[in-house]
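Work through the exercises below with the sequence and the structure at hand. Try each task before reading its solution.

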Amino acid sequence: MSDAEALGRPSDTDLVAYLDGELSPYRRDWVAAHLAADDGVRACLARLANGARPFREAFEPLLAQAPVARLATMLDGLPTYRPTRAERRSSAPRWPRLGLVAACAAGLFVGAGADRLLVAMRATVTEQAEEQPDEWRRVVAGYVTLYTPETLAAIPDDSAARRRELAGLSAKLDVPLSAYDTALPGLALKWTQLLQYDGKPLGEMVYADPQSGPVMLCVFADGEADAAPRQERRNGLNIVYWSAKGRAFMLVGRMAEADLRPLADGIYRRLTL
Amino acid sequence: MMLADQREVRDGLAAYLSRLWRYAVLLVGRHDAAEDLVQATCVRALERSHQFIAGSRLDRWLFAILRSIWLNDLRSRRVREGEGVEDAEAVLVYDGAARIETDMLAAQVLREVQALPQAQRETLFLVYVEGLTYREAAQLLGVPIGTVMSRLASARERLGKLGGKLGAPAEQKSISAARPR
């Protein structure tokens with residue numbers, strides 16, 4: 001329709017786009033003005049509008065005709081497809097797989113105790129649990145029960161390595177995590193790890209308490225709303241948790257609630273206020 | 001280890017099987033070949049699941065894979081575009097036992113669409129049935145947006161000549177788009 005263009009009139013392609021709502025507001029007004037003023041343009045539009053049909057409705061039955069059962073069976077049978085139907089049928093509690101996004105330099109376990117822990121983590125079931133805002137805490141609490149004082153004792157102290165790891169976690173989680181910010185009085189930071197849960201980064205910092213065993217500080221970039229610190233108990237562990245600026249925090253360990261709370265408050269003040 | 005994007009592909013594949021099959025039927029013109037095409041699409045989608053960007057439109061991504069496989073098959077079999085139009089009755093027409101009026105209308109529309117040239121038919125399907133925007137359709141088809149627009153205009157012209165709704169050109173009211181989003 002080059003003649004139409006040359007005359008400054010809407011072409012058929014303009015009119016189709018007008019009918020389909022694909023024109024910018026400026027262009028749409030331009031077409032509308034021509035429609036109001038020009039019988040010829042209106043006739044073109046009518047011709048194009050006549051070509052409309054209930055296409056979507058007409059193609060619905062074809063969708064219903066699809067051999068879904070056969071296709072689903074085909075999909076299940078593909079070697080690279082891992083169906084979760086069998087896993088869903090099981091009523092045993094399941095731990096979602098925490099994917100290793102990046103292995104910190106010293107985040108890889110050292111020592112025999114650490115190897116056992118790594119094997120235990122790999123053995124967990126891969127099914128993702130129901131999504132609820134506190135589900136990640138349930139999962140982490142489950143993992144913390146795997147840690148023992150022996151596991152952490154096997155890891156040599158290396159403050160330089162911890163500082164490097166914290167810098168890495170800071171960058172990935174976009175939360176300032178200096179050695180000062182994350183220090184817990186009387187507890188040595190033994191190792192850190194960056195995992196992912198539900199596609200979002202989850203940072204772990206594990207401390208050794210001589211009395212009660214491992215204490216873990218987690219930062220999870222779940223994007224949820226702010227929440228003041230609260231306490232809960234899971235799997236025999238005490239937890240203090242809060243959210244700020246789209247990051248969820250939890251401090252978890254076997255330590256008594258009365259001892260854990262001041263540690264959590266310290267982190268809360270330094271990291272989030 | 002399965003990342004979010006791989007999991008999303010795996011879960012999404014099951015949800016999109018019927019839409020993939022329908023698109024495949026439109027492209028290959030046969031129900032059995034359509035199943036083969038869907039299977040090949042699933043295999044490749046799983047192989048390439050690490051390339052999928054979690055959170056983006058999975059259906060568009062799967063359609064692109066399906067189309068790419070179809071195109072390669074087409075080229076290898078040296079079937080030129082526009083040839084080999086299957087009998088509409090055998091391919092697209094609803095297979096119901098009781099033909100009520102709405103089914104007959106649907107069958108009529110399908111026959112008209114089947115009679116269009118392949119490029120117009122596919123473009124029309126993607127935009128007016130699957131609800132792709134012009135831009136998404138252009139990307140999927142590998143053509144400029146202007147080509148999408150002119151194919152739709154040509155399809156509408158052709159269908160308009162066959163009958164259908166008669167507009168009232170004298171009216172000044174704006175015509176709203178009847179396209180699914």
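The model is predicted, so local features need pLDDT of at least 70 and side-chain atom pairs count only at pLDDT 80 or more, while totals for chains, interfaces and linings use all residues. Residues are numbered from 1 along each chain as its sequence is written, chains are lettered from A and ligands numbered from 1 in the order in which they are written, and side-chain values use heavy atoms, with hydrogens and water left out.

**Exercise 1. The two chains**

Solution. 
Step 1. Helices (DSSP runs of H or I, at least four residues) and strands (runs of E, at least two) are numbered from the N terminus.
Step 2. A residue is buried under 20% relative accessible area, exposed over 50% and partly exposed in between (1.4 Å probe, protein chains only). Chain A has 273 residues, of which 49% are buried. Chain B has 181 residues, and 49% of these are buried.
Step 3. A contact means heavy atoms within 4.5 Å. In chain A, 57% of the contacts between residues at least 6 apart in sequence join residues at least 24 apart. In chain B, residues 24 or more positions apart account for 66% of the contacts with a separation of 6 or more.
Step 4. Accessible areas come from the Shrake-Rupley method with a 1.4 Å probe; for residues, only the protein chains shown count as cover. Chain A exposes about 13000 Å², with 54% supplied by carbon and sulfur atoms. For chain B the area is about 9000 Å², and carbon and sulfur atoms supply 51%.

**Exercise 2. Helix H2 of chain A and its partners**

Task: Find how H2(A) is placed against H3(A) and against H8(B).

Solution. 
Step 1. Two packed helices are described by the angle between their axes and the distance between the axes. Axes are lines fitted to C-alpha atoms, for helices over the stretch in contact, and angles run from 0 to 180 degrees between N-to-C directions. Angles under 35 degrees count as roughly parallel, over 145 as roughly antiparallel, 65 to 115 as roughly perpendicular and the rest as oblique.
Step 2. The axes of H2(A) and H3(A) come within 10 Å and cross at roughly 110 degrees, and the two helices are therefore roughly perpendicular. On the H2(A) side, A:Asp14, A:Leu15 and A:Tyr18 take part; they meet H3(A) residues including A:Trp30, A:Val31 and A:Leu35. The residues of this contact are six nonpolar, no polar and three charged. Here Ala, Val, Leu, Ile, Met, Phe, Trp, Tyr, Cys and Pro count as nonpolar, Asp, Glu, Lys and Arg as charged, and the others, Gly among them, as polar.
Step 3. The axes of H2(A) and H8(B) come within 9 Å and cross at roughly 85 degrees, which makes this pair roughly perpendicular. Among the residues in contact are A:Val16 and A:Leu19 of H2(A) and B:Leu152, B:Ala153 and B:Arg156 of H8(B). This contact has six nonpolar, two polar and three charged residues.

**Exercise 3. Arginines of chain B**

Task: Are B:Arg156 and B:Arg22 buried or exposed, and which residues do B:Arg156 and B:Arg22 touch?

Solution. 
Step 1. B:Arg156 sits in helix H8 (residues 145-162) of chain B. This arginine counts as buried because its relative accessibility is 7%. Leaving out residues up to four places away in sequence, B:Arg156 touches residues including A:Asp20, A:Arg47 and B:Tyr128.
Step 2. B:Arg22 belongs to helix H1 (residues 4-28) of chain B. Its relative accessible area is 3%, so B:Arg22 is buried. With the same exclusion, the residues that B:Arg22 touches include A:Phe59, A:Glu60 and B:Glu130.

**Exercise 4. An enclosed helix and a loop residue**

Task: How many residues of helix H9 of chain A are buried, and where is A:Lys245 found?

Solution. 
Step 1. Nine of the ten residues of H9(A) (residues 135-144) are buried, so this helix is largely enclosed by the rest of the structure. Among them are A:Trp136, A:Arg137 and A:Tyr143.
Step 2. A:Lys245 lies in the loop between S6 and strand S7 (247-253) of chain A. A:Lys245 is exposed, with a relative accessible area of 66%.
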